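Below are my notes as numbered points, to be read with the model open beside you.

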Amino acid sequence: MRLNVPMAMKIAFERLIDSEYKTRDVVITDVGCFESVELSVLLCNDEFIQKLNKDWRGEDHATDVLSMSKHIPELKLPILMLGDIVISVETVARQAEERGHTLIDEIRILMVHGLLHLIGFDHELSHEAEKEMENEEEFLLKALGWKGKGLIHSAYDSESNGSPQNDRSDDRKRVGNLRFYKPKFGYIFCDIDGTLLNSKSQISLSTAQALKEASSRGVKVVIATGKTRPTVMNILNMVNLTGKDGIIYKLSPGVFVQGLLVYGRQGREIFRRNLDPGVCSEAFMYSLEHKIPIIAFAEDRCFSLFEHPLVDSLHTVYHEPKAEIIPSVDQLLAGVEIQKLLSICSGPYRF
């Protein structure tokens with residue numbers, strides 16, 4: 001296969017001497033101090049690269065190219081162990097067809113992209129870093145006499161659905177090119193009320209899309225809220241974000257009922273704090289005396305001493321489990337462990 005990797009490396013290394021880069025990691029500087037340079041290029045199938053992608057980046061799906069550096073500056077080795085470039089031919093074939101390239105052209109584009117990663121370029125850092133790496137891709141391909149304008153350019157054009165070239169710069173500044181963006185963090189902890197929910201106690205389509213986008217890029221979204229777990233599942237189910245591949249399901253970790261119920265891996269309960277029964281009893285007696293509705297949260301269920309429109313609103317408006325009515329304080333306290341009490345009322349007692 002006509003890749004000519006040594007010539008690509010030679011041109012790339014020469015550029016490190018002659019050019020000044022603002023965003024490149026300079027961990028590799030003077031290549032001349034090494035006796036030799038080693039780089040491996042592996043062509044594989046989707047199954048193989050998916051396993052590598054999961055092990056290397058924590059993403060369980062096939063991808064087009066992976067760059068895995070082996071250079072450890074502290075070792076002061078006489079050989080520059082540049083690393084490995086792994087390319088899935090199955091993914092390459094699909095991309096080549098979509099972008100109007102030949103198979104060899106697409107492989108060359110990916111090899112150049114992977115090589116630049118190994119010598120310190122990283123388009124994920126910023127718009128400036130992306131532009132600098134894109135320019136370097138195009139320079140190398142042109143210098144080698146290879147077709148194409150680089151992976152970054154090709155990916156952007158594919159997502160732009162053939163947008164005119166003269167609009168491309170403005171489009172990129174306005175919406176950003178997220179094709180390659182991989183967040184530098186692994187988790188987002190999200191509240192529900194006032195964060196994911198809007199003023200109508202709903203998740204907007206744009207918020208739902210943002211959650212899906214974060215999840216698709218390997219970020220784990222963990223819910224931390226005052227609501228119960230069934231409530232959160234009902235809310236997210238409205239925008240198709242529940243289930244094993246969604247944001248939450250029965251085995252998801254999460255923090256609920258103001259941190260009084262916490263679930264860890266595989267949905268196992270790892271923390272619970274119950275309210276003192278004496279405190280609950282006093283609150284319930286006050287509720288009966290003044291006819292102020294109080295809702296008791298007990299794990300995945302809600303309870304109240306009497307029917308009231310505001311009690312119903314907790315379910316109909318705020319999506320909490322429908323309150324079960326138990327008119328006796330003693331019976332209520334004897335039947336459940338309570339983690340949270342909520343008083344909802346109109347008028348001077350509201351708090």
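A word on terms before the points: helices (H or I, at least four residues) and strands (E, at least two) are DSSP runs, numbered from the N terminus. This is a predicted model, in which local features need pLDDT of at least 70 and side-chain atom pairs count only at pLDDT 80 or more, while totals for chains, interfaces and linings use all residues. Residues are numbered from 1 along each chain as its sequence is written, and side-chain values use heavy atoms, with hydrogens and water left out.

1. **Ile109.** Setting aside residues up to four places away in sequence, Ile109 touches His101, Leu141, Lys147, Gly148, Gly150 and Leu151, where contact means heavy atoms within 4.5 Å. Phe48 is 61 residues from Ile109 along the chain, and their C-alpha atoms are separated by 20 Å.

2. **The chain as a whole.** The chain holds 13 helices and twelve strands. Its radius of gyration is 28 Å, well over the 20 Å that the globule rule gives for 351 residues, so the chain is more spread out than a compact globule. Here the radius of gyration is taken over C-alpha atoms, and the globule rule is 2.2 Å times the number of residues to the power 0.38. Along the principal axes, the C-alpha atoms fill a box of roughly 85 × 50 × 35 Å.

3. **Burial, contacts and surface.** Of the 351 residues, 44% count as buried. Take the contacts between residues at least 6 apart in sequence: 62% of them join residues at least 24 apart. The chain exposes about 19200 Å², and carbon and sulfur atoms supply 53% of that area; the areas come from the Shrake-Rupley method with a 1.4 Å probe, and for residues only the protein chains shown count as cover.

4. **Charges.** There are 41 positive and 50 negative side chains, and the centres of the two sets lie 2 Å apart. Lys and Arg count as positive and Asp and Glu as negative, with His and the chain ends not counted. Each charge is placed at NZ of Lys, CZ of Arg, CG of Asp or CD of Glu.

5. **Helix 3.** Which residues of helix 3 (residues 89–99) are buried? They are Thr91, Val92, Gln95, Ala96 and Arg99. Seen down the axis of helix 3, these residues fall within an arc of 135 degrees, so they line one face of the helix; the arc is that of the directions from the helix axis to the C-beta atoms. Glu97 and Glu98 are exposed on the other side of helix 3. Just after helix 3 comes Gly100, with a positive phi of about 75 degrees.

6. **Helix 12.** In helix 12 (residues 309–316), the buried residues are Val311, Ser313 and Leu314. They fall within an arc of 155 degrees as seen down the helix axis, so they line one face of helix 12. Their cover includes strand 9, strand 10 and strand 12 (340–343). Pro309 and Thr316 are exposed, on the face turned away from the buried side of helix 12.

7. **Two loop residues with positive phi.** Glu299 is in the loop between strand 9 (294–298) and strand 10 (301–304). Its phi is positive, about 60 degrees, although Glu299 is not a glycine. Because its relative accessibility is 32%, Glu299 counts as partly exposed. Gln266 lies in the loop between strand 7 (261–263) and strand 8 (269–272), and its phi is a positive value near 60 degrees in a residue other than glycine. At 47% relative accessibility, Gln266 counts as partly exposed.

8. **Tyr21.** Look for Tyr21 in the loop between helix 1 (5–18) and strand 1 (36–44). Not counting residues up to four places away in sequence, Tyr21 touches Arg15, Leu16, Phe121, Glu132 and Glu136. Tyr21 and Glu132 are 111 residues apart in sequence, and 7.6 Å apart in space, C-alpha to C-alpha.

9. **Val255.** This residue belongs to strand 6 (residues 254–256). Is Val255 buried or partly exposed? At 22% relative accessibility, Val255 counts as partly exposed. Beyond its neighbours within four places in sequence, Val255 contacts Ile223, Ala224, Thr225, Leu261 and Val262.

How values were computed:
Buried means under 20% relative accessible area, exposed over 50%, partly exposed in between (1.4 Å probe, protein chains only).
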